[in-house]
Amino acid sequence: QHYFTVLFGHEGQKPLELRCDDEADGDEWVEAIHQASYSDILIEREVLMQKYIHLVQIVETEKIAANQLRHQLEDQDTEIERLKSEIVALNKTKERMRPYQGNQEDENPDIKKIKKVQSFMRGWLCRRKWKTIVQDYICSPHAESMRKRNQIVFNMVEAESEYVHQLYVLVNCFLRPLRMAASSKKPPISHDDVSSIFLNSETIMFLHEIFHQGLKARIANWPTLILADLFDILLPMLNIYQEFVRNHQYSLQVLANCKQNRDFDKLLKQYEANPACEGRMLETFLTYPMFQIPRYIISLHELLAHTPHEHVERKSLEFAKSKLEELSRVMHDEVSDTENIRKNLAIERTIVEGCDILLDTSQTFIRQGSLIQVPSVERGKLSKVRLGSLSLKKEGERQCFLFTKHFLICTRSSGGKLHLLKTGGVLSLIECTLIEETEAS
C-alpha cells in the first residue's frame, strides 16, 4: 500500500521502491522529490548559456563597430592633412599676388580724393544706420525688460549690503560683547543663555558676507550679470536658517527672562544706545534673519518675470526659487509645530496639578476663554445630556481650554491659580457627543 518508485537516469543504479504508512504522507514525499529535481538546474544552466552566447555576440558586434570607427578616424586624419596642404598653397598664392598691389600708389590724385570722399560717405551712412538700430533697440520691449532686470539686481545688491550691516551690528554690538560679559567675574548672563539667544548668528553673518562679495564681483562685470552660480553656492548652506528660525521664539523667551536681571537690562540698554544701532532694540536685530528667505523668493520671482525663457540662467534661477520656497514651507511648518508645543507647555505650567495629556505633541491648541457652567435642569431633555459629575446648584465661572483631542475645565482660585475640576476636568472629545437643543425651552 502507498508505494512509489524512484527511477534513475543512469545505468548501474537500481530503482528504489518505497512505501508510506498513509496516502497523504506519500503524496508529500513525491511532491518534495519533484521539487528537488536536477532538471531545474539543467534548465537554469541552459538559460545562462543562452545569455553567455548573447553577450559574446554583443562583444563581437562592438569590436566590428570599433574597427569601423578607427577606419573613419584614419580617413578624417587624411582629409585634415589634405586641407592643410590646400591652405598652405592658397597662402603662397596670396603672397605672389601682393606685389601687383603696389601699382595702386601711382593712381591719379583726383581718384584718391574721390575715394576719400566715398570713404567718408560710407562711414557717415554706417554711423547713421547704426544709430537708428541702437535707438530702435533702446525703445524695444526687450531693452526695457533688461533695464528692469538690471534694476532688480542692483536693488538686490543694496538690500544684501544693508542685511550684512544689520548682521554685523548684531554680532559686534551685542553677541561678542555679551560673550565677554559672560566670562567676567560677576557675569550678568551665562554662556548658555548667550548661545540660546544668538545661536548661529555669527555663521549666518559669515555666509552672507561671502554672498555679498560674490554679488559685488558680478556687478563689476556689468552688463554681463550671471547670478545663478551664486545661489548654487548659497542653497546648500541655508539649513543653518532652519536652526535659527526653529530657535527664534525660544531665543526671545530667554532674552525676556534675562531682562528681569537688573544688571543685564542695564548693560543691554548701554549696547542699544550705540549709534550703530540707530535706536533699534536687540529683538529687532534678532528678527531680521526671519524675513531673509522670503525676501530672496520675492527677488527671484521679480527677476524671473524679466528673464527671457531662452536666457542662459533661466532654469538655474527657477531651481533656486523652488528650493527656497520648499525651505520656506519647511521652516513655516517647523515654527508652527514649535509654537504649538510651547503653547501647550505654557498652559500645562499654569495648571497647579499639571496635565499629562498636554505633553502629547499631536495635541493642537484651538482656543481658550471663560465660560459659565449652567446648573443641571431636573426636568426635560436637558437633564439627559448633563453629566452627573458636572451638575451644579448655581452658576459658576470656569476657565476652559479647547484642544483637538480634549476639553479642559478649570477653576481659578482666589490667588489666580488654575485647578482642574476633580471630576470631569478633562473631557476626551473622542468619547463626547454634541447635541444641539433646537427647542426654545
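**Figure 1. Surroundings of F198 in the predicted model.** F198 touches L170, F174, L175, L178, F244, L282 and L286, with residues up to four places away in sequence not counted. The structure shown here and in the following views is a predicted model. F198 and F174 are the residues with the most contacts inside the largest nonpolar core, which has 57 residues. Helix α4, residues 141-182, supplies the largest share of this core, namely 15 residues. Apart from this core lies another, of 11 residues, among them C355, L358, F403 and L408. As a general background, nonpolar side chains tend to be buried together in soluble globular proteins.

**Figure 2. Helix α6 along its length.** Helix α6 covers residues 201-220. At 1.5 Å a residue, its 20 residues should span 28 Å, and the end C-alpha atoms are 29 Å apart, so the two values agree. Which residues of α6 are buried? They are S201, E202, I204, M205, L207, H208, F211, H212, G214, L215 and R218.

**Figure 3. The packing of α6 against α8.** Helix α8 comprises residues 239-259, and α6 packs with it at an angle of about 145°. The axes of α6 and α8 are 10 Å apart, and their crossing is left-handed. On the α6 side, the residues in contact are S201, T203, I204, L207 and H208; on the α8 side, they are I240, Y241 and F244. The residues of this contact divide into five nonpolar, three polar and no charged.

Figure 4. S251 has its place in helix α8. Is S251 buried or exposed? S251 is buried, because its relative accessible area is 2%, which is under the 20% limit for a buried residue. Leaving aside neighbours within four places in sequence, S251 is in contact with S196 and I197. Q249 also lies in helix α8, but Q249 is partly exposed, with a relative accessible area of 34%. The C-alpha atoms of Q249 and I197 are separated by 9.5 Å, although these residues are 52 residues apart along the chain.

**Figure 5. Two loop residues with positive phi.** Most residues other than glycine have a negative phi. L199 has a phi near 45°, a positive value in a residue other than glycine. L199 is found in the loop between α5 (191-198) and α6, and L199 is partly exposed, with a relative accessible area of 36%. E278 likewise has a positive phi, near 55°. The loop that holds E278 runs between α9 (262-272) and α10 (282-287). Because its relative accessibility is 59%, E278 counts as exposed.

**Figure 6. G424 in the loop between β6 and β7.** G424 is placed in the loop between β6, residues 418-420, and β7, residues 426-428. The relative accessible area of G424 is 22%, and G424 is therefore partly exposed. How many residues apart in sequence are G424 and H34, and what is their C-alpha to C-alpha distance? They are 390 residues apart in sequence and 70 Å apart in space.

Definitions and conventions
Residues are numbered from 1 along each chain as its sequence is written. This is a predicted model: local features need pLDDT of at least 70, side-chain atom pairs count only at pLDDT 80 or more; totals for chains, interfaces and linings use all residues. Side-chain values use heavy atoms; hydrogens and water are left out. Helices (H or I, at least four residues) and strands (E, at least two) are DSSP runs, numbered from the N terminus. The expected span of a helix is 1.5 Å times one less than its number of residues. Buried means under 20% relative accessible area, exposed over 50%, partly exposed in between (1.4 Å probe, protein chains only). Axes are lines fitted to C-alpha atoms, for helices over the stretch in contact, and angles run from 0 to 180 degrees between N-to-C directions. A crossing is left-handed if the near helix is turned anticlockwise from the far one by less than a right angle, and right-handed if clockwise. Contact means heavy atoms within 4.5 Å. Ala, Val, Leu, Ile, Met, Phe, Trp, Tyr, Cys and Pro count as nonpolar, Asp, Glu, Lys and Arg as charged, and the others, Gly among them, as polar. A nonpolar core is a set of buried Ala, Val, Leu, Ile, Met, Phe, Trp, Tyr and Cys residues joined through side-chain atoms within 4.5 Å.
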